[in-house]
Structures are given as C-alpha cells and as structure tokens.
Amino acid sequence: MSEEEKNETINSEATELETINSETAELNEADEILKEVVEEDIDVLIKVQKERDEMEDKYLRARAEMQNIQRRVSEEHMTMIKYRSQDLAKAILPALDNLERALQVESLTDDVRKGLQMTQESLIAGLKQEGIIEIACDGEFDPNFHLAVQTVEVTKEVPANHIAKVLQKGYQLHERVLRPSMVVVAQ
C-alpha cells in the first residue's frame with residue numbers, strides 16, 4: 001500500500017472519526033434535551049397526580065356529605081312520620097279531659113253516661129292507634145313523666161315520693177311526653 005493510499009485511509013478514518021464524534025455530540029445533546037423534556041413531563045405528571053388526588057379527596061368528601069345529608073333528611077322524615085299526630089293529640093286531650101269530667105257528674109242519665117263513655121273509648125282507641133298512651137300514675141313519682149303540683153303528708157297507704165292523687169292524666173306519643181301527669185305527691 002502506498003503512502004498516498006495510507007494517507008487517504010487515515011484521512012478517511014479521521015473523517016469517519018470526526019463524523020462519529022459529531023454524531024456522538026449530537027446524540028449527547030439530544031440525550032440532554034430528552035432528559036430535560038422527560039424531567040419536565042415528570043414534573044407535570046406529578047403536578048397532575050396531586051391535582052387528581054385533591055379532586056378525588058374533594059369528591060369523596062362531597063359524596064360523604066351528601067350521604068350524611070340524605071341520612072339526616074331520612075331520619076327527620078321518619079321522625080316526622082312517627083310524631084305526625086302530636087299536634088292533633090294535643091288538641092284532642094282537653095276534649096278527653098272534659099269527657100272524663102262530664103262522666104264524674106252524678107246526675108247523668110244512663111243513656112247519656114253510656115254515650116259519653118263510648119265517645120271517650122273511641123277517642124282513647126284512636127289515640128292508641130297513633131301510638132299515644134296514658135302515662136302510668138301508680139307508684140313512684142318520676143319528674144320525667146309527672147308534674148307535682150301539690151304535696152301531702154306520707155301515710156301508710158302512700159309512702160314517701162309516691163303519687164297520692166292524679167289531678168290530670170298525662171299522655172305520651174311513643175317515648176315523647178305530650179303532657180305530663182299533674183299529680184299530688186306524698187312527701
């Protein structure tokens with residue numbers, strides 16, 4: 001191989017080396033640009049994931065709040081249904097008291113007494129159908145159900161803190177007191 005051919009080969013190899021170096025530099029530069037783009041994309045992705053997590057948290061909280069509202073509304077509705085007859089009962093109770101007083105009159109004829117008793121029984125049955133019952137007044141005084149309007153001395157028949165006499169019957173609707181019993185208590 002001649003000197004010229006050697007030089008040509010060397011020049012050719014040098015040119016190839018320069019091309020390779022140039023391509024390597026371009027690849028390194030492309031790699032750097034790609035790394036920057038990927039890092040930016042990763043930052044954007046992290047930001048989007050945080051936003052998604054925040055939105056999901058807000059959604060779950062809103063959903064839970066809606067469920068709580070629905071539960072409360074449902075409970076309030078059930079309570080309204082349960083106590084729907086409360087106002088009507090409060091309006092009827094004085095009439096029931098008047099019937100009871102009328103039945104205590106001694107000069108009533110049997111027919112009138114029978115009619116008043118039937119009316120009283122009908123009212124009481126209607127109230128019971130709605131869940132309204134008379135508060136028991138036999139035994140110990142309970143301030144949750146009884147209203148003491150007077151006290152009397154303790155006797156053998158009525159021990160201390162027991163009801164001696166009922167002045168006005170009390171009624172409750174389910175567990176809610178509509179009107180406490182007005183009683184005389186032994187002290």
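## Loop residues with positive phi

His174 is found in the loop between β4 and β5 (176-179); strands here are DSSP runs of E with at least two residues, helices are runs of H or I with at least four, and both are numbered from the N terminus. This is a predicted model in which local features need pLDDT of at least 70 and side-chain atom pairs count only at pLDDT 80 or more, while totals for chains, interfaces and linings use all residues. Residues are numbered from 1 along each chain as its sequence is written, and side-chain values use heavy atoms, with hydrogens and water left out.

Although His174 is not a glycine, its phi is positive, at about 55 degrees. His174 counts as partly exposed because its relative accessibility is 32%; buried means under 20% relative accessible area, exposed over 50%, and partly exposed in between, with a 1.4 Å probe and protein chains only. Asn161, in the loop between β2 (146-152) and β3 (163-168), is likewise not a glycine and has a positive phi of about 65 degrees. With a relative accessible area of 31%, Asn161 is partly exposed. Most residues other than glycine have a negative phi.

## Leu173 and Ser85

Leu173 lies in strand β4 (residues 171-173). Its relative accessibility is 0%, so Leu173 counts as buried. Beyond its neighbours within four places in sequence, Leu173 is in contact with Lys82, Tyr83, Ser85, Gln86, Glu130, Gly131, Ile132 and Leu178, where contact means heavy atoms within 4.5 Å. Between the C-alpha atoms of Leu173 and Glu121 there are 18 Å in space, and the two are 52 residues apart in sequence.

Ser85 belongs to the loop between α1 (3-82) and α2. This serine is also buried, with a relative accessible area of 7%. Not counting residues up to four places away in sequence, Ser85 touches Glu130, Ile132 and Leu173. The side chains of Ser85 and Glu130 make a polar contact at 3.5 Å. A polar contact is a pair of N or O atoms within 3.5 Å; within protein, one must be able to donate a hydrogen and the other to accept it, and residues adjacent in sequence count only if both atoms are side-chain atoms.

## Packing of α2 against α3

Helix α2 (residues 86-103) packs with helix α3 (residues 110-129) at an angle of about 150 degrees, and their axes are 10 Å apart. Therefore α2 is roughly antiparallel to α3; angles over 145 degrees count as roughly antiparallel, under 35 as roughly parallel, 65 to 115 as roughly perpendicular and the rest as oblique. Axes are lines fitted to C-alpha atoms, for helices over the stretch in contact, and angles run from 0 to 180 degrees between N-to-C directions.

On the α2 side, the contact residues include Leu93, Leu96 and Leu99, and on the α3 side they include Leu116, Leu123 and Leu127. The residues of this contact divide into 11 nonpolar, 3 polar and 2 charged. Ala, Val, Leu, Ile, Met, Phe, Trp, Tyr, Cys and Pro count as nonpolar, Asp, Glu, Lys and Arg as charged, and the others, Gly among them, as polar.

## Ser181 in strand β6

Ser181 is placed in strand β6 (residues 181-186) and is buried, with a relative accessible area of 0%. Its side chain reaches the backbone nitrogen of Gly170 at 2.9 Å. Leaving aside neighbours within four places in sequence, the contacts of Ser181 include Ile135, Cys137, Phe145 and Gly170.
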